[in-house]
Amino acid sequence: MKQKESINPNLKALGESATLAMSERVRAMTKQGLEIFNLGIGESPFPVPNFIVESLKTHAQERSYLPVKGLPELRNAVSAYHKRQDGIDFKPDNILIGPGTKILMYLLQLSHDSELVVPSPCWVSYVPQANLLGKKVQLIQTSFEDKWHLSADKLAEACETDPSKPRLLVLNYPGNPDGGTYSEEELKAIAEVARKYEMVLLSDEIYGEMHHKGQHVSISKFYPEGTIISSGLSKWAAAGGWRLGTFAFPEELGWLLGPMTKAAGQTYSSVASPIQWAGVTAFNGGTELDNYLIHTRRILKKLSANCANMLRESGARIHQSEGAFYLFPDFTPFAENLAKRGIRSGKELGEAILNETHVATIPGVSFFRPAEELTLRMSYTNFDGTKAMKASEAIPIDQALPDSFLEEYCGKTLEATRKICDFVTKT
Ligand SMILES: Cc1ncc(COP(=O)(O)O)c(C=O)c1O
């Protein structure tokens, strides 16, 4: 007997995840024996810090379901972490632990009856999650000239059309796909508008610890009553596959935490116990983590500056990366040359670069940029992080890494960048 085919209409327009699809392409091309330069994946190249791995091993026998909100010891550790890092008090009871922040974001969008407001470019999943839930989305376009930043004026303009509408604003910095961050003045101005329009603000600070100068500032400082801070182990602890994400709520947003916790209880129940125990160790931090972060930042900062300079010198429009591990070059200056070669969109550009030079990137359209814009996201992470970390540890921290360090330990990322420059400049 044949079943009645019936799919939720919200899923019909849903595309596959661009980043995961690119990983599949890279896997398939590698299987064919090709050497691929993978600048497509948003994953830390470094190992999980050893003391966190040891903690996971120690707790492998922890086998019971845990409270939906999370292990009390972990909620204490996350609360203490935000006090230490951001100078903000969150009650342990106002911390929610999830299997990654992605699902917490989905449950937030499910629980908050609101319109999603998000600047473009933005991370790949905020908008599809809203689409899945049948929510309205207001994308605020930014530009290269704005450094891809949301301005308080543009935000206010977007709210003016219907000032009383409930809105969920998502801000992500250091940002994926551009690697940029916001100044305190910018954050204060955005916070003021968010307060005026009584918005709920989700501050996606998953890359906060990967600010290349270690100077990340949370917008929660300027809008404490309306901001949820999102963090987790995926990026700064390089443990994306462990699936541990955290949301910190101010007391004033308790009305949202309650329904989200119920939704969590009816969906994922709780995060794996050993992972939460290892999370306690990670969020408690200490000198080993501090040193690890000092080296990751030093390597990423130097590498991103070199790649950005190469791209700029070749004629691309590019901002320096200030955090995370992304660059977001705009190849519009080459539009005429590329059009002669049949390339008229970011997607076509990414495809041609992959096919001809075997360098994988992700086109700007996947981050909600206009299709014809010639932007690409490059993750400058195609190197062996374990080797690079060891080599960096041997160089005193008050000394700059020499250029030869990058050639020796991050050569593939440099070569991939050179290949992109050669591709766009050739006539
Ligand atoms: C900006 C941003 N936010 C959130 C996430 C989701 O991270 P996770 O679900 O692993 O916590 C990612 C992952 O790539 C990201 O880049």
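Leaving aside its neighbours within four places in sequence, A194 is in contact with L169, M199, L201, Y223 and G226, where contact means that the C-beta atoms of two residues, placed from the backbone, lie within 7 Å. The structure shown is a predicted model, in which local features need pLDDT of at least 70, side-chain atom pairs count only at pLDDT 80 or more, and totals for chains, interfaces and linings use all residues. Residues are numbered from 1 along each chain as its sequence is written.

In soluble globular proteins, nonpolar side chains tend to be buried together.

The protein chain is divided into domain 1 (9–47 + 288–425) and domain 2 (63–285), with bounds that come from an automatic or database domain assignment. The centres of the two domains, taken over C-alpha atoms, are separated by 25 Å, and 35 residues of domain 1 are in contact with 33 residues of domain 2. On the side of domain 1 that touches domain 2, α10 gives the most, with 7 residues, and that side has 15 nonpolar, 11 polar and 9 charged residues. In this count Ala, Val, Leu, Ile, Met, Phe, Trp, Tyr, Cys and Pro are nonpolar, Asp, Glu, Lys and Arg are charged, and the others, Gly among them, are polar.

Next comes a sheet. Three strands form an open sheet in the order β9-β12-β11, with antiparallel pairing, and two strands are said to pair if DSSP finds at least two bridges between them. The edge strands, β9 and β11, each pair on one side only, and P363 stands opposite L376 in β12.

Finally, of the 13 residues around the ligand, G100, T101, K102, W123 and S234 come nearest, a residue being near if its C-beta atom, placed from the backbone, lies within 6 Å. The residues of this shell divide into 2 nonpolar, 9 polar and 2 charged.

Methods: Helices (H or I, at least four residues) and strands (E, at least two) are DSSP runs, numbered from the N terminus.
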